[in-house]
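Have the viewer open as you read.

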Amino acid sequence: MRVRQLRLIARREFKERTKSRTFRITMVLMVLLVIASVVLPVVASRVQSEPQLKIGVLEPSDSAIIPAINSIQSGLGAQLRVQSMPDRARAEAALKARELDMLVVEGDAVYLAVEPVSGAPNIQADRANAIASTVHQVEVLREAGVDSAEVIDTINAPNLPVKGLTPAPPRNSEDAASAYPALILLFVFLTLGGAFILNGVIEEKSSRVVEILLATIKPSELLVGKVIGIAAVGLLQGAVLVGATFASHKATPGAPDAGALSLPVVVYAIIWFMLGFALYAGMYACAGALVSRSEDAQNLVFPLQIPILLSFFVGAAASIGGPNPVVTVMSFIPFTAPMTMLERMAAAEVQWWEVAISMASVAVTAALVLRLATVIFAGGILRSGQRVKLRDAWRNPAG
Amino acid sequence: MLELTNLRRKFKDNIALDGMSLQVERGSVVGFLGPNGAGKTTAMRVALGITTPDSGEATWDNKKLNLATRSRFGYMPEERGLYSTMSVIGQLEFLGCLHNMAPRDARDKGTYWLERLGLAGVGSERLDALSLGNQQRVQLAATLTHDPELLILDEPFSGLDPTGIESLSNVLRQRAEDGVAVVFSSHQLDLVEDVCQKVVIVNKGRDVRTGTLADLTETNDRIRVEVRNPNDPQWTHKIPGVDVLTSNGDSHLVKIADASQSAAVMNAARSAGEVRHFSFERLKLSEVFRNAVRGES
């Protein structure tokens with residue numbers, strides 16, 4: 001492979017992609033999206049303080065009920081205003097008029113203005129249930145003869161700790177969470193990069209410019225040059241978006257650190273992008289070489305998207321939900337390793353040799369795939385018209 | 001000189017090349033003729049290394065072709081191909097660089113050819129902003145920018161207007177005068193007659209007639225004779241052993257059995273009246289083509 005020809009192909013890809021209007025508009029929109037995702041939650045949290053919950057308690061016979069309800073305020077995620085109501089009719093009228101959010105009737109029920117739909121998620125109903133449980137505890141304790149002060153202490157006593165028989169695997173939860181945005185970026189760039197490769201190959205094939213190119217360069221040079229050029233576009237996009245993320249975090253006081261990108265995770269994501277892209281790009285190029293129109297490519301591309309989608313969802317779930325044996329297995333399978341191993345690395349739950357094995361498996365598979373892809377690419381790229389069968393492309397590599 | 005010798009290539013059950021040979025000398029323009037599916041494009045692709053033959057040999061100046069030699073060739077495929085959204089000069093520079101030119105040289109030479117082909121000032125425009133005819137001229141400029149030693153053009157005249165045809169014909173003649181070897185395929189045989197010195201006719205993957213235009217069209221059995229105010233309008237029919245092919249007023253095209261009969265025709269013409277014209281008639285290239293292809297099938 002000649003470096004000069006590779007550079008020419010890669011430079012053309014990079015230049016043409018990055019100077020297109022669509023690319024610039026997409027970049028601006030993505031940067032705005034990143035900034036908005038950092039800034040808007042901060043702004044929203046400032047504008048919207050904790051909701052206020054007005055609770056009426058009907059003629060409490062027990063003086064412990066109101067303090068008990070107030071004592072669970074932090075667990076309810078709302079500011080409580082608990083007041084004693086003189087009679088039921090006025091209390092219900094206040095609830096109907098939405099002057100109250102809830103009405104606690106001792107020994108009866110906790111009422112809401114409208115009965116919540118059973119099974120449907122409803123934060124107000126959850127709060128009502130928590131209050132109902134607390135009131136019930138107070139009633140039981142009082143019946144057992146516990147005095148008011150002790151009732152409050154008992155309700156606020158810490159729960160039993162939950163422990164494991166063996167210690168938890170080392171896991172940096174913050175970094176694991178920071179893998180989530182990195183996973184999104186990796187998923188977007190692998191998918192976008194694949195689409196760029198696919199469309200680029202189809203464009204060259206359908207416009208027949210490939211015939212002129214192949215008169216001066218080898219199919220392998222065209223394929224690898226294209227992959228390098230488009231990978232560079234992906235890295236540029238990634239750099240801009242990561243820069244926008246860091247900058248908007250820095251410029252937004254109060255932006256939460258949780259879920260934000262961390263520098264080590266960015267480095268891991270770059271490494272896995274390059275390895276993953278080398279692996280998937282060859283397959284996308286083959287798909288492009290076998291068809292003459294974008295419409296025909298969709299069926300061929302779908303199987304290629306399955307491992308990317310699967311590893312994204314599994315990796316994303318693990319970044320939020322914790323270690324998972326499925327993720328561990330997938331992080332060693334070359335086609336799913338880029339995203340799942342990125343998540344495990346971010347969570348710092350892997351040994352260096354695990355990373356080395358995973359990277360080596362992806363690198364070796366990518367080299368093999370690119371080698372096979374070159375043969376199929378060469379066999380399919382000059383055949384126009386209907387879809388080329390994989391077998392025919394393989395058997396007639398030179399047009 | 002480009003030499004393709006005994007090329008064979010099969011695609012599944014379709015034999016594209018079945019022992020085809022072709023020679024293109026430096027300084028000559030060769031017309032590469034054949035019906036659709038005769039193997040012209042496949043042979044051209046073999047010369048460019050795009051297609052690998054099952055057997056046979058392709059050489060340039062007696063050396064096997066490789067990427068370095070091919071980078072000195074210029075190719076214009078039948079189905080034109082350039083990047084539609086790229087700027088005109090951008091792609092000339094890109095393709096020139098792929099042929100080992102420095103970027104600045106490729107730009108300068110590309111600009112020169114654009115001007116020469118009547119496209120001055122379009123360099124910065126996107127290709128798809130140009131008319132189809134002008135896109136074809138850009139394609140030609142892309143073929144010529146790197147000063148190729150061999151030009152391989154697949155149907156270069158198709159889609160060109162008369163001005164474009166004249167311009168391309170002149171360029172091809174001039175390139176040949178400068179020592180470039182030129183081969184092109186075309187179904188426009190009058191253009192081939194106008195531009196080429198040599199013709200290779202192929203059919204079913206084989207070369208069936210090869211020679212200079214003069215050799216291929218020469219005959220010694222057809223005479224064009226014109227006699228003004230003949231004393232006998234039927235004089236041509238009275239020459240023994242001579243068939244009259246066409247008659248148009250005083251002008252007749254007759255077919256003789258052998259060259260020795262030409263004297264008999266001349267004598268008969270003199271007897272009939274004032275002889276204004278007497279010559280052996282050349283075949284039209286279309287006739288040579290038809291005969292060659294029919295003979296094969």
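A:Ala89 counts as exposed because 9 other C-beta atoms lie within 10 Å; the cut-offs are 12 or fewer for exposed, 20 or more for buried and partly exposed in between, with C-beta atoms placed from the backbone. A:Ala89 sits in helix 5 (residues 88–96) of chain A. Its C-alpha atom is 76 Å from that of A:Glu203, a residue 114 places apart from A:Ala89 along the chain.

A word on the ground rules. This is a predicted model, where local features need pLDDT of at least 70 and side-chain atom pairs count only at pLDDT 80 or more, while totals for chains, interfaces and linings use all residues. Residues are numbered from 1 along each chain as its sequence is written, and chains are lettered from A and ligands numbered from 1 in the order in which they are written.

Next, a helix pair. Helix 1 (residues 3–19) and helix 10 (residues 219–251) of chain A pack at about 40 degrees, their axes 7 Å apart. Helices here are DSSP runs (H or I, at least four residues) and strands are too (E, at least two), numbered from the N terminus; axes are lines fitted to C-alpha atoms, for helices over the stretch in contact, and angles run from 0 to 180 degrees between N-to-C directions. Helix 1 and helix 10 of chain A are therefore oblique to each other, since angles under 35 degrees are roughly parallel, over 145 roughly antiparallel, 65 to 115 roughly perpendicular and the rest oblique. By class, their contact has eleven nonpolar, four polar and six charged residues (Ala, Val, Leu, Ile, Met, Phe, Trp, Tyr, Cys and Pro are nonpolar, Asp, Glu, Lys and Arg charged, the others, Gly among them, polar).

Now for the two chains. Their contact takes 24 residues from chain B and 18 from chain A, contact meaning C-beta atoms, placed from the backbone, within 7 Å. On the chain B side, helix 3 of chain B gives the largest share, four residues. That side has 13 nonpolar, seven polar and four charged residues.

Finally, the cores: sets of buried Ala, Val, Leu, Ile, Met, Phe, Trp, Tyr and Cys residues joined through C-beta atoms within 7 Å. Which members of the largest one, with 149 residues, touch the most others? They are A:Leu186, A:Ala285, A:Leu342, B:Ile152 and B:Val182. Helix 11 (residues 263–290) of chain A supplies the largest share of this core, 18 residues. A second, separate core of 25 residues includes A:Ile55 and A:Val57.

Notes. Two residues are in contact if their C-beta atoms, placed from the backbone, lie within 7 Å.
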